[in-house]
Amino acid sequence: MLEDLEAVLDYLRRFGRVAAVGHSLGGRLALMSGADVVAAISPALPQKPSEEGRAMLTHFGSTAVRATGPGEILDILRAMPSPAVSSRPTLLLHAEGDIPSLIEAVHAAAGTLPGAAVQVISRHQHKSATLPPGLLAYLPRWFNSH
């Protein structure tokens, strides 16, 4: 995935400076990339995902990344190195209500990146909702079929 991103960035560099913007796994890849400027939105940085994050990835998988098994995305995240230290302009964004381990990892990463700024999104948060067990059993099949 990172090699594909780097190939795109190399192509775009013909036209000037390049930026990488990504959310979740894309945010982590953006941070690992050689882009001149980075914006990472709720980047998947925790080396050990929270119980909520692990359960979500295990039960629901991903609507954007096709996995061959329920634990594959977690294995990919665990195998990825930490983003390299860089002084390039880097914007790290997370929601006020994001998973606590993600928030902690974003702030820890900001402390190691000299050019980083953190922005906390505090408005328009999703409200927590309790889902009935039947719907929870159905959602993974629906997500993975689309």
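Helices (H or I, at least four residues) and strands (E, at least two) are DSSP runs, numbered from the N terminus.

I am working from a predicted model, in which local features need pLDDT of at least 70 and side-chain atom pairs count only at pLDDT 80 or more, while totals for chains, interfaces and linings use all residues. Residues are numbered from 1 along each chain as its sequence is written, and side-chain values use heavy atoms, with hydrogens and water left out.

**Entry 1: the helix pair**

I recorded two values for the pair, since two packed helices are described by the angle between their axes and the distance between the axes. Helix α1 covers residues 2-12 and helix α2 covers residues 25-32; they pack at about 60°, with axes 10 Å apart. The axes are lines fitted to C-alpha atoms, for helices over the stretch in contact, and the angles run from 0 to 180 degrees between N-to-C directions. α1 and α2 are therefore oblique to each other. For that word I used these limits: under 35 degrees is roughly parallel, over 145 roughly antiparallel, 65 to 115 roughly perpendicular, and the rest oblique.

Which residues make the contact? From α1 they are L2, L5 and E6, and from α2 they are L29, A30 and M32. Contact means heavy atoms within 4.5 Å. I sorted these residues into five nonpolar, no polar and one charged. Here Ala, Val, Leu, Ile, Met, Phe, Trp, Tyr, Cys and Pro count as nonpolar, Asp, Glu, Lys and Arg as charged, and the others, Gly among them, as polar.

**Entry 2: E6**

I then looked up E6, which is in helix α1. At 22% relative accessibility, E6 counts as partly exposed. The limits are under 20% relative accessible area for buried, over 50% for exposed, and partly exposed in between (1.4 Å probe, protein chains only). Apart from neighbours within four places in sequence, E6 is in contact with M32, S33 and G34. E6 and G34 are 28 residues apart in sequence, yet their C-alpha atoms are 6.9 Å apart.

**Entry 3: the cores**

A nonpolar core is a set of buried Ala, Val, Leu, Ile, Met, Phe, Trp, Tyr and Cys residues joined through side-chain atoms within 4.5 Å. The largest one has 16 residues, and L31, A35, V38, L45, L92 and V106 have the most contacts inside it. The elements giving two or more residues to this core are α2, β2 (37-41) and α5 (100-112). Which element gives the most? I found that α5 does, with five residues.

A35 touches L9, R13, V18, A19, A20 and R88, if residues up to four places away in sequence are not counted. I also noted a second, separate core of seven residues, including L29, M32, I73 and M80.

**Entry 4: A109**

A109 sits in helix α5. Is A109 buried or exposed? It is buried, with a relative accessible area of 13%. Beyond its neighbours within four places in sequence, A109 is in contact with L45 and L92. A109 and L92 are 17 residues apart along the chain, and 8.8 Å separates their C-alpha atoms.

**Entry 5: two serines**

I checked two serines in loops. S24 lies between β1 (19-23) and α2, and has a positive phi of about 60° although it is not a glycine. S24 is partly exposed, with a relative accessible area of 30%. S42 is in the loop between β2 and α3 (51-60); its phi is also positive, about 40°, although S42 is not a glycine. S42 is buried, at 11% relative accessible area.

**Entry 6: the whole chain**

I counted six helices and four strands in the chain. Along the sequence they follow the pattern α-β-α-β-α-α-β-α-β-α. Of the 146 residues in the chain, 31% are buried. Among contacts between residues at least 6 apart in sequence, 62% join residues at least 24 apart.
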